[in-house]
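User: I have a model to go through with you. Let us take the surface, then the overall build.

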Amino acid sequence: MVSDSASRIATQDQLDRAFRGLSVEHRTVVVLVHYLGQTPSEAAEPMGTPVGTARSRLHYALEHLRASIEADARATTRGTA
């Protein structure tokens, strides 16, 4: 049980670091879509952008998050090996 808690905390820390690395525009679209459950089309309006821009920002934000988390995981693995 302690291991599960430690793993959850480590994962949350990893996500927090990756999220802070996003631009304001990318953070905004991630929050609107993934936390508030809006579609990219719905998120575009409060962001004041065309739907295509919202979709593009979401794509690049998620790409950045994945890359950041993978890089963090590789660094962690090298540190323990």
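User: Which residues make the nonpolar surface patch of about 330 Å²?

Analyst: Note that this is a predicted model. Members of such a patch need over 30% relative accessible area. The patch of about 330 Å² is made by Val 31, Tyr 35 and Leu 36.

User: Is Tyr 35 buried or exposed?

Analyst: Tyr 35 lies in helix α2, which covers residues 24–35. The cut-off for exposed is over 50% relative accessible area. Tyr 35 has 63% relative accessibility, so it counts as exposed.

User: What pattern does the protein follow along the sequence?

Analyst: The secondary structure comes to four helices and zero strands. Read along the sequence, the pattern is α-α-α-α.

User: What is the radius of gyration, and how does it sit against the globule rule for 81 residues?

Analyst: The protein has four helices and zero strands. It is more spread out than a compact globule, because the globule rule gives 12 Å for 81 residues and the radius of gyration is well over that, at 15 Å. The C-alpha atoms fill a box, along the principal axes, of roughly 45 × 25 × 15 Å.

User: What share of the 81 residues counts as buried?

Analyst: Buried means under 20% relative accessible area. Among the 81 residues, the share that counts as buried is 19%.

User: Of the contacts with a separation of 6 or more, what share comes from residues 24 or more positions apart?

Analyst: Contact here means heavy atoms within 4.5 Å. Among contacts with a separation of 6 or more, residues 24 or more positions apart account for 51%.

Methods:
Residues are numbered from 1 along each chain as its sequence is written. This is a predicted model: local features need pLDDT of at least 70, side-chain atom pairs count only at pLDDT 80 or more; totals for chains, interfaces and linings use all residues. Side-chain values use heavy atoms; hydrogens and water are left out. Patches are made of residues with over 30% relative accessible area and no salt bridge: like charges are joined within 9 Å, nonpolar side chains (Val, Leu, Ile, Met, Phe, Trp, Tyr) within 5 Å. Accessible areas come from the Shrake-Rupley method with a 1.4 Å probe; for residues, only the protein chains shown count as cover. A salt bridge is a side-chain nitrogen of Lys or Arg within 4 Å of a carboxyl oxygen of Asp or Glu. Helices (H or I, at least four residues) and strands (E, at least two) are DSSP runs, numbered from the N terminus. Buried means under 20% relative accessible area, exposed over 50%, partly exposed in between (1.4 Å probe, protein chains only). The radius of gyration is taken over C-alpha atoms; the globule rule is 2.2 Å times the number of residues to the power 0.38.
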